[in-house]
Amino acid sequence: MNLIILGLPGAGKGTESDFIVKKYGLIHLSTGDIFRSNIKNGNALGIKAKEYMDAGQYVPDEITNKLVAARLQQLDIKTTDFILDGYPRTIDQAFYLDKTLLTINKPILVLYLAINEQTVVDRLSSRRVCLQCGRVYNLKFSPPKINNKCDIDNQTLIQRSDDKAATIKTRLQVYKKETLPLVTYYQNQGLLKTIDANLENDKVRATIEQYLLENDNG
Ligand SMILES: [Zn+2]
């Protein structure tokens, strides 16, 4: 069982990926991690990717595709299944991924976390992080015990610039333009499962578990 997880920023891709990884033993592959490990190894494409990341830009498809393909081709195919988070992000990336999957003979399923835009704006704009320990809070859904202070180390929580209202709007626009076509693309291939991510977290999980159970047997 190999998965791609899609959804607007703030739909819970990271959280649900973590859950799936723990429960089913898949490897979590995110473009961020793949870039970081290539940068660390001093790989030429990794260094190129870093230039874009440092400039706050998306790494071009050409570089991203090659790095993700190389990572997938390194996997021990017989024993390792994966979940891709943050890739593919565009239709061109999806075409490239299809070719890569053929070379490693891995079928995929796609989970789409569908969520209302307003819910995303509410969730992201109330998100706060602790720079000291990296813990993420949500003022509405998982607030700290003491107002605006980290439960673990008492540091003052901050709002990341990514989570400010104007930036959220821009991220949503980019996502809708570039990534939503993937939903149609995978739907047309019969690979897509839409999950209502507006629901309570345990309901979202129950739907995911049910779906994965059905498909694991089949
Ligand atoms: Zn902290």
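Where does Asn148 lie? Asn148 is in the loop between strand S6 and helix H7, a stretch that also holds Pro143 and Asn154. The model is predicted.

- Asn148 has a phi near 65 degrees, which is a positive value in a residue other than glycine.
- With a relative accessible area of 28%, Asn148 is partly exposed.
- Asn154 belongs to the loop between S6 and H7, and its phi is also positive, near 65 degrees, again in a residue other than glycine.
- The relative accessibility of Asn154 is 46%, so Asn154 counts as partly exposed.
- Pro143, in the loop between S6 and H7, is partly exposed at 45% relative accessibility.
- Not counting residues up to four places away in sequence, Pro143 touches Tyr137 and Asn138.
- Pro143 and Thr156 are 13 residues apart along the chain, and their C-alpha atoms are separated by 13 Å.

**Helix H1**

- Ser17 is placed in helix H1, which covers residues 13-24.
- The relative accessible area of Ser17 is 0%, so Ser17 is buried.
- Leaving aside neighbours within four places in sequence, Ser17 is in contact with Ile5, His28, Ile83 and Asp85.
- Ile20 lies in helix H1 as well, and at 0% relative accessibility Ile20 counts as buried.
- With neighbours within four places in sequence left aside, the contacts of Ile20 are Leu3, Gly25, Leu26, Ile83, Leu111, Ile208 and Leu212.
- Between Ile20 and Gln155, which are 135 residues apart along the chain, the C-alpha separation is 31 Å.

- Tyr96 lies in helix H5 and counts as partly exposed, with 29% relative accessibility.
- Leaving aside neighbours within four places in sequence, Tyr96 is in contact with Asn65, Lys66, Ala69 and Tyr87.
- Tyr96 and Glu62 are 34 residues apart in sequence, and the distance between them is 9.4 Å, C-alpha to C-alpha.
- Tyr87, one of the contacts of Tyr96, is joined to Pro88 by a cis peptide bond with omega near -5 degrees.
- Pro88 is placed in the loop between strand S3 (82-85) and H5.

**Helix H8**

- The buried residues of helix H8 (residues 180-188) are Leu182, Val183, Tyr185 and Tyr186.
- Seen down the axis of H8, these buried residues fall within an arc of 165 degrees, so they line one face of the helix.
- An α-helix has 3.6 residues a turn, so residues three or four places apart point the same way.
- The cover over the buried residues of H8 includes strand S1 (3-7), helix H5 (91-104), strand S4 (109-114) and strand S7 (192-196).
- Just after H8, Gly190 takes a positive phi of about 70 degrees.

**Second largest pocket**

- The volume of the second largest pocket is about 150 Å³.
- Its lining consists of 13 residues, of which Ile34, Ser37, Asn38, Arg71 and Gln74 lie nearest the centre of the pocket.
- Strand S2 (27-30), helix H2 (31-40) and helix H4 (61-74) are the elements that give two or more residues to this lining.
- By type, the lining of the second largest pocket divides into 4 nonpolar, 7 polar and 2 charged residues.

Definitions and conventions. Residues are numbered from 1 along each chain as its sequence is written. This is a predicted model: local features need pLDDT of at least 70, side-chain atom pairs count only at pLDDT 80 or more; totals for chains, interfaces and linings use all residues. Side-chain values use heavy atoms; hydrogens and water are left out. Helices (H or I, at least four residues) and strands (E, at least two) are DSSP runs, numbered from the N terminus. Buried means under 20% relative accessible area, exposed over 50%, partly exposed in between (1.4 Å probe, protein chains only). Contact means heavy atoms within 4.5 Å. On a 1 Å grid over the protein atoms alone, a cavity is a set of points where a 1.4 Å probe fits but cannot get out, and a pocket is an open set with protein on both sides within 12 Å along at least five of seven lines; lining residues have an atom within 4 Å of a point. Grid points are joined across faces, edges and corners, and a volume is the space filled by probe spheres set on the points. Ala, Val, Leu, Ile, Met, Phe, Trp, Tyr, Cys and Pro count as nonpolar, Asp, Glu, Lys and Arg as charged, and the others, Gly among them, as polar. The arc is that of the directions from the helix axis to the C-beta atoms.
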